[in-house]
Amino acid sequence: MRVLRTGVSPVAPHPTSSTEADASWLNTILKGDCVSALEKLPSRSVDLVFADPPYNLQLGGDLHRPDQSKVDACDDHWDQFESFEAYDAFTRAWLLAARRVMKPDGSLYVIGSYHNIFRVGAILQDLGFWIMNDIVWLKSNPMPNFRGKRFTNAHETMIWATKSKDAKPTFNYDALKTFNEDLQMRSDWHLPLCTGAERLKGKDGQKVHPTQKPEALLYRVLTASSKPGDVVLDPFFGTGTTGAVARKLGRNYVGVEREQDYIDAATARIAAIQPGDEKALEMQQGKRAQKRIPFGTLLENGMLEPGTELTCSKGKHLAIVRADGSLKSGDHTGSIHKVGALVQGQEACNGWTFWHTIEGSKKAPIDELRKEIRSRLQAN
């Protein structure tokens, strides 16, 4: 079994626009075993981990197509383990190493097949990770089952987890919804295998890596759970799909890989990518992602004065703004939301849209003032 891999040497870094540009490990590929290499990284330094670990496929003998041509299956030494116990020990070791370098609110995505993903999931939970979702990658062009003894393996499973139940990970809900034509992004992702020009091949015309993941898969992961400037770790870097997509989307990356052929291919691949400009990389944000503006901020900035009279859109209810940011309407006092609910006899109310300022015969929701103050703060 080949689990312990030693020796860590950085490969030439690419430029970064991150505020952590002095960190020499950013945008590098570390050569060596993932566990020992990750010891070189600062704790709590990584925003997102994408892991495509060995699957421990347990292949038995060569596999041939009906025309007797040999299938180029993954039978590399790095995917071979002596036993399930050995694979479990390997999994615990790299997950603990990844956990140490993850930020408290960081995310981890790990992908696998039926050979390994259930073992990985159980170990994740044993180590205290909190599973947010499992995502099914449905392959639009899966390899057939040539022996005809099982169902065609047409999917892989990806687990999204955080370090704890209380973590607040980045989840770009609104960006994903826009990406998906204003529909919520589901947990079944229909994406093709890595083929054609995207598949890296050597001088002999053969695949450089047997399990190269499609960039579309990583594009969606990074769009979901990271922001421009974030640090993305791939502890099983292979030919650098994670680094390529990270560079394209303005994220920083760090990869760990022990095979020099893969490192060489990844280095050339990433160097050829030109990142988009800052404006192009900005992400759609909904109200939940916007900075919270308390109602009192409007008073502090002179946009409302104590004694200002507010009304509802129909002019049916009136309220007076008090110096502490509360409202008074008849016998009711409290926040803009509480008083708005009380005057209507309802349990809840969005005071920002219910209450309006009065200027002559015109009314405008106080939310317009909030938008103005938020714009000022963002400009600064």
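Let's start with a charge over a ring. R99 lies over the face of F129, 4.9 Å from the ring centre. There is another such case: the charged end of K139 sits over the ring of W137, at 5.1 Å from its centre. Keep in mind that this is a predicted model.

Now ring against ring. Searching the whole structure gives 9 aromatic pairs. Take Y87 and F90. Their ring centres are 6.1 Å apart and their planes stand at 50°, so this pair is tilted. Both residues belong to helix α2, residues 84-101, and sit 3 residues apart, about one turn of the helix. Buried or exposed, Y87 and F90? Both are buried.

Next pair: F295 and W352. Centres 6.0 Å apart, planes at 65°, so this one is edge-to-face. F295 lies in the loop between α8 and α9, and W352 in helix α11, so the pair ties together parts 57 residues apart in sequence. F295 has 7% relative accessibility, so it counts as buried. W352, at 5%, counts as buried too.

Last topic, the sheet. It is open, with 6 strands in the order β13-β12-β11-β10-β14-β15, and the pairing is antiparallel. Which strands are at the edges? β13, residues 332-334, and β15, residues 362-365; each pairs on one side only. From one strand to the next, the twist averages 35°. Look at the β13 end. Strand β12, residues 327-329, is joined to β13 by 3 bridges. There, S329 stands opposite H332 in β13. Helix α10, residues 336-344, packs on the sheet and touches β12 and β13. Its direction makes about 155° with that of β13.

Key. Residues are numbered from 1 along each chain as its sequence is written. This is a predicted model: local features need pLDDT of at least 70, side-chain atom pairs count only at pLDDT 80 or more; totals for chains, interfaces and linings use all residues. Side-chain values use heavy atoms; hydrogens and water are left out. Two strands pair if DSSP finds at least two bridges between them. Helices (H or I, at least four residues) and strands (E, at least two) are DSSP runs, numbered from the N terminus. Axes are lines fitted to C-alpha atoms, for helices over the stretch in contact, and angles run from 0 to 180 degrees between N-to-C directions. Contact means heavy atoms within 4.5 Å. Rings of Phe, Tyr and Trp (its six-membered ring) pair if their centres lie within 6.5 Å; planes under 30 degrees apart count as stacked, over 60 as edge-to-face and the rest as tilted. Buried means under 20% relative accessible area, exposed over 50%, partly exposed in between (1.4 Å probe, protein chains only). A charge sits over a ring if NZ of Lys or CZ of Arg is within 6 Å of the ring centre and within 35 degrees of the ring normal.
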